[in-house]
Amino acid sequence: MKKIEIKGKQVEIIENLSETKINKFELILLNYYNEFDNEIDRFVNVLSLASNLSIDEVEELDLDLFKDLVTSLNINDLDELQELPTTDFVFDGITYNRVKNINEVKLTVKEMRLLQNAISLNKNKFVGILASIIYIPTGENLTEESISKRKEILENNMSMGYIIPFLIKVKDLNGLQPK
């Protein structure tokens, strides 16, 4: 998070989408792809979500500062955020092992079915499912129940830096073929 001062108020703003939790990332993208009357409205909403500023406060920003802050989010350029953490994800004393190698992201039929089921329920909220397929605690199996349990934990606690490289590999889900 980047901290800046605007009109005497300390403001935290997401400096890089890779530091954002999965649930916040999905909310930002949902707003980014929503229908708005114009681009300014779109980015006012996105910037409000990416900071601790209200929509009214975002609308009061100097236009140059607004442009700089929106540009710093890199929403359109996830490809620049491909550096994968070298460690597994640890939360609440549980280690979630990365079971997929980024250079060999190949989904099984079961994994693809689980992903497509999640997307059919809500096409804007599948990143937690993807994370739950890729990061599994030692000794746990890949079942719909275990994925559902992990999904909420990972959505609320895992930063996108752990999953963006995999998301880039599977971003065109309609073109995915199980390997």
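Predicted model: local features only at pLDDT ≥ 70, side-chain atom pairs only at ≥ 80, totals over all residues.
## Overall composition

The chain contains 8 helices and 5 strands, and, read from the N terminus, its elements follow the order β-β-α-α-α-α-β-β-α-α-β-α-α. Of the 179 residues of the chain, 44% count as buried. The accessible surface comes to about 10200 Å², and carbon and sulfur atoms make up 46% of that area.

## The N-terminal hairpin

Strand E1 (residues 2-6) and strand E2 (residues 9-13) run antiparallel and are joined by 5 bridges, with Glu-5 having Gln-10 in E2 as its bridge partner. In general, strands of a sheet pair through backbone hydrogen bonds, in either a parallel or an antiparallel sense.

The hairpin formed by E1 and E2 has 2 residues between the strands, and Lys-7 in this hairpin adopts a positive phi near 50 degrees. As background, most residues other than glycine have a negative phi.

## The three-stranded sheet

An open sheet of 3 strands is arranged in the order E3-E4-E5, with antiparallel pairing. Strand E3 (89-91) and strand E5 (135-137) stand at the edges and have a single partner strand each, so one side of each is left without a neighbour in the sheet. With direction ignored, neighbouring strands of this sheet are turned against each other by 30 degrees on average. Strand E4 (residues 94-98) pairs with E5 in the antiparallel sense over 3 bridges, and the bridge partner of Arg-98 in E5 is Tyr-135.

The loop between E3 and E4 holds Asp-92, a residue other than glycine whose phi is positive, near 55 degrees. Asp-92 counts as exposed because its relative accessibility is 68%, where the cut-off for exposed is over 50%.

Helix H6 (residues 127-134) lies across E4 and E5, and runs at about 55 degrees to E5. Within helix H6 is Leu-130, which is buried because its relative accessible area is 1%, the limit for buried being under 20%. The C-alpha atom of Leu-130 is separated by 9.2 Å from that of Ile-147, a residue 17 places away along the chain.

The largest nonpolar core has 52 residues, and the members that touch the most other members are Leu-47, Leu-61, Phe-66, Tyr-135, Met-158, Met-160 and Ile-163. H6 gives the most to this core, with 6 residues. Leaving out residues up to four places away in sequence, Leu-61 touches Ile-6, Leu-47, Leu-53, Phe-66 and Leu-69. Tyr-135, which is listed among the members of the core that touch the most others, is also the bridge partner of Arg-98. In soluble globular proteins, nonpolar side chains tend to be buried together.

Helix H1 (residues 22-33) has 12 residues and reaches 16 Å from its first C-alpha to its last, which is close to the 16 Å expected at 1.5 Å a residue. The buried residues of H1 are Ile-22, Phe-25, Glu-26, Ile-28, Leu-29, Asn-31 and Tyr-32. An α-helix has 3.6 residues a turn, so residues three or four places apart point the same way.

Helix H7 (residues 144-157) contains Glu-155, which counts as buried because its relative accessibility is 8%. Leaving aside neighbours within four places in sequence, Glu-155 is in contact with Lys-21, Ile-22, Asn-23, Glu-26, Lys-125 and Gly-128; of these contacts, Ile-22 and Glu-26 are among the buried residues of H1. Glu-155 and Ala-131 are 24 residues apart in sequence, and their C-alpha atoms are 8.2 Å apart in space.

Arg-150 is also found in helix H7, and it counts as buried because its relative accessibility is 1%. With residues up to four places away in sequence not counted, Arg-150 touches Tyr-96, Ser-132, Tyr-135, Ile-136, Pro-137, Glu-140, Asn-141 and Leu-142. These contacts of Arg-150 include Tyr-135, which belongs to the largest nonpolar core.

Note on methods:
Residues numbered from 1 in each chain as written. Heavy atoms only, no water. Pairing = 2+ DSSP bridges. Helix = DSSP H or I, 4+ residues; strand = E, 2+ residues; numbered from the N terminus. Axes fitted to C-alpha atoms, helices over the stretch in contact; angles between N-to-C directions. Contact = heavy atoms within 4.5 Å. Core = buried A, V, L, I, M, F, W, Y, C linked by side-chain atoms within 4.5 Å. Buried < 20%, exposed > 50% of the residue type's maximum accessible area, 1.4 Å probe, protein only. Areas by Shrake-Rupley, 256 points an atom, 1.4 Å probe, with all protein chains shown as cover. Expected span 1.5 Å × (residues − 1).
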